[in-house]
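Here is a short tour of one protein model, written to be read with the structure open beside it. Let's start with a charge and a ring, then work through the rest by topic.

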Amino acid sequence: MPDVSAELDDLTRQADADLAAVNSPAALEQFRIKYLGSKGLLKAKMALIGQAPPDQKKVVGQRLNEVKQHVTAAFDAKQEALADLVGEDGVDVTEPGVRPAVGNRHILMKVVDELTDLFGRMGFSVASGPEVEDEFHNFVALNIPESHPARDPLDNFYLEKRAEGGGQKVGHASAAAGNAAPSTQHSALRLLRTQTSTVQVRVMETHKPPIRVVIPGRVYRPDTVDATHLFMFHQLEALVVDADVTMVDLKSTVMQFVKAYFGPDTKVRFRPSFFPFTEPSAEVDVWFEDKGRWVELGGCGMVHPNVLTTCGVDPEVYSGWAFGFGIERIAMRKYGITDIRSFVENDVRFLRQF
Ligand code: DAH
C-alpha cells in the first residue's frame, strides 16, 4: 500500500506551486484541466480509495476531499484576482501592450546640435535671422550690386514683383555713408534668403566687435531637385570680427572643425575662389572616401571692407573672416548618406537609423 498521505501532500504542494505561476485566464484554464478536470490529477487519485484496505477507505476519502476543497478554493481565489485585472469592457490589462511609435529628432537637427556644440566649445555663440529677407540684407549689404547675376529672378524666390522702372527705393538706417559703401538707397523687395550670410549683416548691425558667432539656418534657391540638390537646404555660417583677425585664424579654425567633426585623418583642401562679400575668398573641399572624390563644403574668406563699412564696422580698426557651409553635405559626409532627398522624404526607415 503506497503512502497515501505523502502522495496527497506532494500533489497539494505541486498544485500550489503551479497556481502561483498562473498569471492569465488562459493559464488558469490549463491549471483547471490539469487538476480539477474530468481527466485531471485529482480524479486519478480517486483510484486510491479503491486500493485502500476497507478500514482505511473512509480516511483516504476524507483526505482526498480536503485536497480537492483546498485546490478548488485556491482556484476560485485566483480566478477572482485575475478578474480584478480585467477591465469592465473585458480588456485583459495583463496582456503586454503595443508600444506606440514615437518619433526621434531629425538627423539634420542632430547634426545642427553637434555643430553648434562643437563651435560652442571653440568659443562661438549661436545667432539667427529671418528666412524672409529684404534685398538689402541678402544682396546690397553683402556687396552684391543691383546688376549682379545672383539677383536674377530665376535664381531667387522673390515674394514681391519689382515695380515698373526699378522698384521702390528706400533708405536703410544702418547703411553707413562712405566712399567704399554701397548705395544707402535700396529696393525693399522681399525674398526667401538664398544664404545665411544675411545674418552676418544683421549681427554686425546690432553687435559691436569682438564678434564670434555661428548661424545655422534654412536657405532657398530655385534648383531642380536631384541626388545633390534641393530648393530648400541648410547652411552653417560663421562670422568672426575683431582687431587683427587674419586668414590664418580662418584656416586653422576650419581645419580644427573638420578634423574634430570628421576625424583626425580627414583630408581637407582650400581652393582660391570669389565671393562679392569676401576678399580673399576660398572654397573648402573635404575628401569623401565612399565617393572617392573631393566634395565642396562651401565658401569662406576675409570679410570685404565694403561689407564691414555698410554694417557700421570700421575696416581700419577691425577685420573679420566668415564661412558658409552646407549642412546637408556635412551630414552626408559624417553619416554616409548618399542622396540629399532622403532628408525630406520622411521615410521612417531612413529617419529611424539615426
Ligand atoms: N554665402 C555663400 C553661398 O551661399 C557661401 C559663403 C562664402 C559664405 C563665403 C561665407 C563666405 O560666409 O565667407 O554660396
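A charge is taken to sit over a ring if NZ of Lys or CZ of Arg is within 6 Å of the ring centre and within 35 degrees of the ring normal. In this predicted model, the charged end of Arg333 meets that rule over the ring of Phe262, 5.2 Å from its centre. Lys267 likewise lies over the face of Trp287, at 4.7 Å from the ring centre.

**Nonpolar cores**

- The largest nonpolar core holds 40 residues, and those with the most contacts inside it are Phe257, Trp321, Phe323, Ile330 and Phe343.
- At least two residues of this core come from each of helix H6 (107-121), strand E7 (232-242), helix H9 (247-262), strand E9 (278-288), strand E10 (293-303), strand E11 (319-326), helix H11 (327-335) and helix H12 (348-351).
- Of these, H6 gives the most to the core, with seven residues.
- A second, separate core has 26 residues, including Val201, Val203, Met204 and Leu308.
- As background, nonpolar side chains tend to be buried together in soluble globular proteins.
- What does Phe343 touch, leaving aside residues up to four places away in sequence? Its contacts are His106, Ile107, Leu108, Glu328, Ala331, Met332, Ile337 and Phe350.

**Aromatic pairs**

- The model contains 16 aromatic pairs.
- One of them joins Phe119 and Phe323, with ring centres 5.8 Å apart and planes at 50°, so the pair is tilted.
- Phe119 belongs to helix H6 and Phe323 to strand E11, so this pair ties together parts that are 204 residues apart in sequence.
- Both Phe119 and Phe323 are buried.
- Phe323 also pairs with Trp321: the ring centres are 6.0 Å apart and the planes lie at 15°, so this pair is stacked.
- Trp321 counts as buried because its relative accessibility is 1%, and Phe323 is buried at 2%.
- Ring pairs link Phe119, Phe124, Phe257, Tyr261, Phe262, Trp321, Phe323 and Phe325 into a cluster.

**Helix H2**

- Helix H2 (residues 25-36) has 12 residues, which at 1.5 Å a residue should span 16 Å; its end C-alpha atoms are 15 Å apart, in agreement with that value.
- Which residues of H2 are buried? Leu28, Phe31 and Tyr35 are buried in H2.
- Those three cover an arc of only 55° around the axis, which puts them on the same side of H2.
- In general, an α-helix has 3.6 residues a turn, so residues three or four places apart point the same way.
- Ala26 and Gln30 are exposed on the other side of H2.
- The buried residues of H2 pack against helix H1 (4-21), helix H3 (41-45) and helix H5 (57-85).

**Helix H6 and what follows**

- Just after H6, Gly123 takes a positive phi of about 90°.
- Ser125 is found in strand E1 (residues 125-126), and its relative accessibility of 41% makes Ser125 partly exposed.
- Not counting residues up to four places away in sequence, Ser125 touches Arg212, Val213 and Val214.
- Ser125 and Gly336 are 211 residues apart along the chain, and their C-alpha atoms are separated by 28 Å.

**Backbone points to check by eye**

- Most residues other than glycine have a negative phi, and most peptide bonds are trans.
- The peptide bond from Pro209 to Pro210 is cis, with omega near 5°; Pro210 is placed in the loop between helix H8 (197-206) and strand E6 (211-220).
- Glu279 and Pro280 are also joined by a cis peptide bond, with omega about -5°, and Pro280 lies in strand E9.
- Asp244 is not a glycine, yet has a positive phi of about 60°. Asp244 is placed in the loop between E7 and H9 and is exposed, with a relative accessible area of 69%.
- Asn346, not a glycine either, has a positive phi of about 60°. The place of Asn346 is in the loop between H11 and H12, and Asn346 counts as exposed at 54% relative accessibility.

Note on methods: Residues numbered from 1 in each chain as written. Predicted model: local features only at pLDDT ≥ 70, side-chain atom pairs only at ≥ 80, totals over all residues. Heavy atoms only, no water. Core = buried A, V, L, I, M, F, W, Y, C linked by side-chain atoms within 4.5 Å. Buried < 20%, exposed > 50% of the residue type's maximum accessible area, 1.4 Å probe, protein only. Helix = DSSP H or I, 4+ residues; strand = E, 2+ residues; numbered from the N terminus. Contact = heavy atoms within 4.5 Å. Phe/Tyr/Trp six-rings, centres within 6.5 Å; stacked < 30°, edge-to-face > 60°. Expected span 1.5 Å × (residues − 1). Arc of directions from axis to C-beta.
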